[in-house]
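Subject: Handover of a structure and notes on it

Dear colleague,

Please find the structure below for your records. My notes on it follow directly after.

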Amino acid sequence: MPVELKHVTCTYSPGTSQEIRAVTDLSLKIQDGEFVAVMGRTGSGKSTLIQLVAGLLEPDSGQVLLDGLDIHARGYDRSALRRRVGIVFQYPEYQLFEITVEKDVAFGLKHSGLKPEEISLRVRLALERMGFSFEEIRKESPLCLSGGEKRRVAIAGILAAHPGILILDEPVAGLDPLARREFLQMIRQFQEEGMTVIMVSHNADAVAEYAGRVLVMAEGRLEMDGDTRTVMSDLQRLRSLHLDTSAAGQAAELLRQRGVEIPDQTVRYDELLGALTEMMVKS
Ligand SMILES: Nc1ncnc2c1ncn2[C@@H]1O[C@H](COP(=O)(O)OP(=O)(O)OP(=O)(O)O)[C@@H](O)[C@H]1O
């Protein structure tokens with residue numbers, strides 16, 4: 001079992017007047033190669049959840065297991081955790097600081113014990129994976145790139161460490177529609193190659209289109225957990241949790257209200273178009 005949380009509770013500033021319980025009695029399992037989206041309104045505990053999975057926060061009670069091992073147990077090899085899990089925070093482009101792109105992507109491997117040739121190779125491949133020509137980009141200053149390019153460079157820095165689990169916090173926030181699609185398609189490709197992806201997102205269209213499973217957090221608890229169609233087609237419940245629903249899901253709902261027989265659980269454009277096309281062919 002790659003990731004498992006067992007009855008995890010996490011509190012900030014415990015025992016002080018600022019004490020905040022961010023996550024309460026959370027249990028879940030994530031299998032190898034899943035693409036899991038995490039949704040929830042502001043303050044619901046999403047960032048806390050992903051930091052718990054990455055081992056950046058320690059629960060007050062409960063366990064976080066990676067490949068069956070408790071990551072906070074005495075003797076657990078924390079370097080194994082860092083190699084296995086890559087976390088990309090919101091607006092990672094603000095964390096670029098080296099003078100060239102190549103140095104920036106290599107930064108995380110500095111103390112990895114890898115030989116310089118291996119590091120160079122990994123940096124090249126990671127940048128190419130993120131859609132760059134290595135020779136063209138390597139000497140550029142990260143500061144001179146566009147917002148979308150900076151973000152891809154920042155993610156290349158994480159990919160260079162070869163994580164098996166990639167955690168992304170709002171990765172498409174602030175990207176234009178084309179950059180957003182290209183970015184998500186890249187992430188999907190990583191997942192298709194076997195990487196586990198955990199993506200926090202408020203973007204219901206992106207979640208409906210790319211994730212295979214959706215977790216919905218509310219007030220620090222896991223409110224919904226299911227395959228994307230089941231969760232994203234429950235428009236009433238999502239709305240009651242103040243969450244966005246996919247545009248295709250909304251269109252399907254409106255069409256149904258006007259008597260058009262759109263199948264239940266239609267949450268993506270291709271599904272909606274497929275249903276409408278089938279209807280037109282039949283009539
Ligand atoms: N470092 C911190 N210190 C104290 N309280 C915190 C800290 N980080 C988060 N919290 C609180 O914990 C609760 C959960 O926050 P968290 O950031 O996990 O939610 P979130 O769903 O990721 O929110 P957002 O969508 O705004 O990023 C909130 O009440 C928040 O104010």
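This is a predicted model: local features need pLDDT of at least 70, side-chain atom pairs count only at pLDDT 80 or more; totals for chains, interfaces and linings use all residues.

Residues are numbered from 1 along each chain as its sequence is written.

Thr 245 counts as buried because it has 21 C-beta neighbours inside 10 Å. The scale used is as follows: a residue is buried if 20 or more other C-beta atoms lie within 10 Å of its own, exposed if 12 or fewer, and partly exposed in between, with C-beta atoms placed from the backbone. Leaving aside residues up to four places away in sequence, Thr 245 touches Ala 204, Met 232, Leu 235, Leu 238, Arg 239 and Gln 250. Contact here requires that the C-beta atoms of two residues, placed from the backbone, lie within 7 Å. Between the C-alpha atoms of Thr 245 and Ser 141, which are 104 residues apart along the chain, the separation is 39 Å.

**Confidence and annotation**

The protein has a mean pLDDT of 92, and 100% of its residues reach 70 or more; pLDDT is the predictor's confidence in each residue, from 0 to 100. The scores of the model are ipTM 0.98 and pTM 0.92. An unreviewed UniProt entry places the feature "domain: ABC transporter" at residues 3-244. UniProt positions are given in the numbering used here, feature names are shortened, and annotations may be inferred rather than shown by experiment. Over residues 3-244 the chain is 36% helix and 25% strand, with end C-alpha atoms 27 Å apart.

**The six-stranded sheet**

An open sheet of mixed pairing is formed by six strands in the order E6-E7-E8-E3-E9-E10. Two strands pair if DSSP finds at least two bridges between them. Strand E6 (85-88) and strand E10 (221-227) each have a single partner strand, so one side of each is left without a neighbour in the sheet. From one strand to the next, the twist averages 15°.

Strand E3 (residues 35-39) runs parallel to strand E9 (residues 213-218), and four bridges join them. Within this pair, Met 39 stands opposite Val 216 in E9. Helix H1 (residues 46-53) packs on the sheet and touches E3, E6, strand E7 (165-169), strand E8 (196-200) and E9; its direction makes about 155° with that of E8. Axes are lines fitted to C-alpha atoms, for helices over the stretch in contact, and angles run from 0 to 180 degrees between N-to-C directions.

E7 pairs with E6 in the parallel sense over four bridges, and Leu 168 in E7 is the bridge partner of Val 88. Five bridges join E7 to E8, again a parallel pair, with Leu 166 opposite Val 197 in E8. Both faces of E7 are covered: Ile 165, Ile 167 and Asp 169 are buried on one side, and Leu 166 and Leu 168 on the other.

**The nonpolar core**

The largest nonpolar core has 75 residues, and those with the most contacts inside it are Val 38, Val 53, Ile 167 and Val 207. Such a core is a set of buried Ala, Val, Leu, Ile, Met, Phe, Trp, Tyr and Cys residues joined through C-beta atoms within 7 Å. Helix H6 (residues 147-159) gives the most to this core, with six residues. Beyond four places in sequence, the residues that Val 38 touches include Leu 49, Ile 50, Ile 198 and Leu 215.

Four strands form an open antiparallel sheet in the order E2-E1-E4-E5. Its edge strands, E2 (20-30) and E5 (69-70), each pair on one side only. Strand E1 (residues 3-12) and E2 pair in the antiparallel sense over seven bridges, and Leu 5 stands opposite Leu 28 in E2.

Most residues other than glycine have a negative phi. Ser 13, which is not a glycine, has a positive phi of about 45°. Ser 13 is placed in the loop between E1 and E2 and counts as exposed because it has 9 C-beta neighbours inside 10 Å. Asp 25, not a glycine either, has a positive phi of about 45°. Asp 25 is in strand E2 and, with 14 C-beta neighbours inside 10 Å, counts as partly exposed.

Yours sincerely

Notes:
Helices (H or I, at least four residues) and strands (E, at least two) are DSSP runs, numbered from the N terminus.
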